[in-house]
Amino acid sequence: MRERGRRGLTLVAAAVALGAVTPAGAGAAPDRCGHAGLQRALDGLTGTYGMAGAAAEVDDPACGRWTGTSGLADVGTGRPMRAGERVRIGSTTKTFTATVVLQLAAEHRLALDASVAHYLPGLVRSNGYDGRKITVRELLQHTSGLPDHVAALDWDHVDRWRFRHFSAREEVAMALALPRPDRRWTYSTTNFVIAGMIIKKVTGHDPTTEITRRIIVPLGLHDTYWPGDSPHIEGPHPRGYEAGDDGRNDVTDFDMSFGGAGGALVSSLTDENRFFAALLGGRLLPPDRLAQMTTTVPADPDRLWEGARYGLGLISTPLTCGGRYWGHGGTVPGFDTAGGIAPGGRRVQLVLNQNIDSEQAFLALHDAVRTALCEGR
């Protein structure tokens, strides 16, 4: 959800629990593929780049499930990182929201090429922005031309607002007060806040209710939930950190209403893998709507990464071993996540419980995703 940091990474000397590998649980297939490259990548993220902790889960139809960890879930107590705990998934929330919008389109309850103003008249109509000229499809594709309200927040003084509630209308107003972006494709959480408002207009229910009813409950995503205005993460979870001038700042507790339908979900690596397998496997959308979701435009490589293309709430990235993988990722205070699903069904999710603050670490995280999806192929 936030722009990638460029202030440089503060490396903090800490004890690092390296190379922790855990089985998937009762009945899981043993690891037969080998994930040494991914484990080295996790250790590099905590060692070379100074992240507090890193965890990954790979799920492969041929090889079963593998989890790997490195570093610490809690630097204060020395508790090691674990792969099965809940984390904030940030902008991967956008894929959930987009899926419900496409389900409603499949039910003929909304049209992707209808304007924002058709559903929310007058919402976007100031400072040169006009909702009559923006479609629902453009919201989901980040081609609406709307700026990101997240950029308007005071990130230098987070403690002044981290426990404050933001309404969707307030977030839209914050975005409309910003200058127009200078690129056609502009990543904007505001797009998905508005998409959530359209879900509510069409269904009469909050988008959190619809996403829970249509996705979370049917797929049995037991670790996935909306935190509402509670700043806490329920259940077992790592602490979340940001690098500060004097070490690490603990930002685990946060009111995620500032992200809303574009970034507030709590989930787990297992649940995320299950969600992307169901989505790309055709369990959540009919084929024609999934085809629309996976029709992409070039994304800004400075905002995402080289070769990334954006569909409707879904990112496509080339793999060195051939083909492309589909997924998303997210950055919210204390957590960076990345992952997706490759041709053949292998899927991976990674989490860092400290925000990346260098370009090199950002690229290392996404290289780790590609390593996981290509290793042994």
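**Close-up views of a predicted model**

**View 1. Helix α8 and the residue that follows.** Leu 269, Asp 271, Glu 272, Asn 273, Phe 275, Phe 276, Ala 278 and Leu 279 are the buried residues of α8 (buried: under 20% relative accessible area; exposed: over 50%; partly exposed: in between; 1.4 Å probe, protein chains only). This is a predicted model, in which local features need pLDDT of at least 70 and side-chain atom pairs count only at pLDDT 80 or more, while totals for chains, interfaces and linings use all residues. Residues are numbered from 1 along each chain as its sequence is written, and side-chain values use heavy atoms, with hydrogens and water left out. Helix α8 covers residues 269-280, 12 residues in number, and spans 17 Å from its first C-alpha to its last, close to the expected 16 Å (1.5 Å times one less than the number of residues). Helices (H or I, at least four residues) and strands (E, at least two) are DSSP runs, numbered from the N terminus. Gly 282, with a positive phi near 85°, follows α8.

**View 2. Packing of α2 against α7.** The axes of α2 and helix α7 (residues 207-216) come within 10 Å and cross at roughly 85°, and the two helices are therefore roughly perpendicular to each other. Axes are lines fitted to C-alpha atoms, for helices over the stretch in contact, with angles from 0 to 180 degrees between N-to-C directions; under 35 degrees counts as roughly parallel, over 145 as roughly antiparallel, 65 to 115 as roughly perpendicular and the rest as oblique. On α2 the contact (heavy atoms within 4.5 Å) is made by Phe 96, Thr 97, Thr 99, Val 100, Gln 103 and Leu 104, and on α7 by Glu 210, Ile 211, Arg 214 and Ile 215.

**View 3. Two non-glycine residues with positive phi.** His 108 is not a glycine, yet has a positive phi of about 60°. His 108 sits in the loop between α2 (93-106) and α3 (116-119) and is exposed, at 70% relative accessible area. Asn 127, also not a glycine, has a positive phi of about 55° and lies in the loop between β6 (125-126) and β7 (129-130).

**View 4. The disulfide.** A search of the whole structure finds 1 disulfide (a pair of cysteine sulfur atoms within 2.5 Å). Cys 321 is joined to Cys 374, S to S 2.0 Å. The torsion about the S-S bond of this pair is about -75°, so the disulfide is left-handed. Cys 321, in the loop between β13 (315-318) and β14 (324-332), and Cys 374, in helix α10 (residues 359-374), are 53 residues apart. Cys 321 is partly exposed at 31% relative accessible area, whereas Cys 374 is buried at 11%.
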